[in-house]
Amino acid sequence: MKRFLSFLVSGMLFAGATFQAASITEPVTVGNARFTFITDNLVRMEYAVDGKFLNDSTLFAIDRSPREVDVKIERDGRKYLFSTPVMTLVYDADGCPFGQNNIHAKWNQNGNEEKWYIWMRQSENLLGPVVTLDEVTGPVERMEGLLSRDGWYVINDTGKDIYKNGKLEHRDGTHMQDLYLFVYGDDYKKALKSLAAISGPVPMTRKYIHGSWYCRWWPYTADDYRDIVDGYHEHDFPMDVLVFDMDWHRKKDATIGMGHAGTRGWTGYSWNHELIPDPEKLIGELREKNIYVALNDHPHDGIRPHEDEYKAFFEELGFDTIKHGVPIFQPNNPKYMKAFFNHAHRPHEKIGASLWWLDWQQDYALPYISGTSTRHLPWLNELYYNDTKHSNQRGAAFSRWGGWGDHRHPIQFSGDDEGNWEMLKFLVDLTTSSGNAGCFFWAHDTGGFYGGRDPELYTRWTQYALLNSSLRVHSVVDKKLDRRPWLWGEREEKVMRDVYHLRSM
């Protein structure tokens, strides 16, 4: 029946004839166009020269498994009508790519017939997330979200790299258009369900990431970390995650590499024993207190000669360290990334590290992964998240937003923003609108990363963080800026303690 349907629609129906199917589980081909109904309100529309359509995944479209959708197909001359319980798609099979005149959709919304044409732009989009709030001081422009009072949205996947065999590849240039049309009227839940149908669901998270976190960019010693934990206990503040920022690893030994912010020391995977003489003992003590350790990671310079695992890493790759020198970070090389995770991450996980903070900020130097049209961040988010699912664990990520499909890698880090009242007000709106793209798990810098020295502002920000995906504090390296909640005044401490306990219930 499936092959027969495709054969009929490909050109054998007579003018005025109608073919009705109770359900369709395969794409419908009309000349060089192909239509795949993912749900009754989501259709994929492809145009490919010589009918060379794409069945492989992309970072956005990962699930094209067959599913049954009720579609009635009618033909009148070269015009095709595809009708679902939600919408009707009208296609004039003129042989040309989709344009202003040969394709449109119509549906009923609040008693009125609404239409979509390919030239249309969103007029009432409810907005979505941002990639990062680094150095942002107030409201900024956001990406569009899936949800719109217009009743429709299009995700354009045209030209995006193929996700195949654990790596990215360019798609064939004859595949000219790849559009995903969502038509949902005012049924926003249906729209989000369709997003999950094509791009995967938001996965279950690890429970502890939704608790309280402490992080500060500061060269803390092992005893400093012990004192911080004792302080939380003595002042009756719950703690779930303790983040070791960049100084956990050696920095001054790094003499080669691209570097960042004027130094080569941001990338590193070997413990700074001057600050933390026995990391396994420290992490073990923290785990006995039910505190999970997260480690900051800037991977752009890979594993370099000064690292403890350098020789073993090269041996796994099968390289001669003398002949090849420094391995360039190669995120689109599955063999490289397997060795990278084995030697950059696994040794620290074996002694108890629980979570990696992927702190990628190098798009100015490396906008795109070599040989692809994909930026590093969304691809690294996919790789990092999948790697954390070893040892029968739920995946766990902590990184900036990577765009459509990144909802599969919770939780998201919103970046290094400025602490002020305008920023706090904007975050409330941003957090709400981000869910329109599936970004449900923001972890903001409570109080802001820079500045934010007003005790009332910090207290109000903490109250707001009660309803975020985590109650997480973080601040820039500054002797006068520490977000331990008992350092901000007796009245503020009492209010924030109540928030922390509500969060931990």
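Biologist: How much space lies in the largest cavity?

Modeller: The model is predicted. A search of the whole structure finds one cavity of 30 Å³ or more. The space in the largest cavity comes to about 60 Å³.

Biologist: How many charged residues are in the lining of the largest cavity?

Modeller: The residues lining the largest cavity include His-345, Trp-356, Tyr-384 and Phe-398. By class, six of the lining residues are nonpolar and three are polar. The number of charged residues is none: the lining has no charged residues.

Biologist: How do the residues of the lining of the largest pocket divide by class?

Modeller: The largest pocket holds about 480 Å³ of space. Of its 25 lining residues, the closest to the centre are Leu-59, Lys-160, Thr-374, Pro-378 and Gly-402. The lining divides into eleven nonpolar, seven polar and seven charged residues.

Biologist: Which residues do salt bridges that share partners join into one network with Arg-171?

Modeller: Arg-171 forms a salt bridge with Asp-157 at 4.0 Å, and another with Asp-178 at 3.0 Å. Both Asp-178 and Arg-171 are buried, and Asp-157 is buried at 3%. With Arg-171, the network joins Arg-34, Arg-44, Glu-46, Asp-157 and Asp-178.

Terms used: Residues numbered from 1 in each chain as written. Predicted model: local features only at pLDDT ≥ 70, side-chain atom pairs only at ≥ 80, totals over all residues. Heavy atoms only, no water. 1 Å grid on protein atoms, 1.4 Å probe; cavity = no way out; pocket = protein on both sides within 12 Å on 5 of 7 lines; lining within 4 Å. Points joined across faces, edges and corners; volume = space filled by probe spheres on them. Nonpolar A, V, L, I, M, F, W, Y, C, P; charged D, E, K, R; others polar. Salt bridge = Lys/Arg side-chain N within 4 Å of Asp/Glu carboxyl O. Buried < 20%, exposed > 50% of the residue type's maximum accessible area, 1.4 Å probe, protein only.
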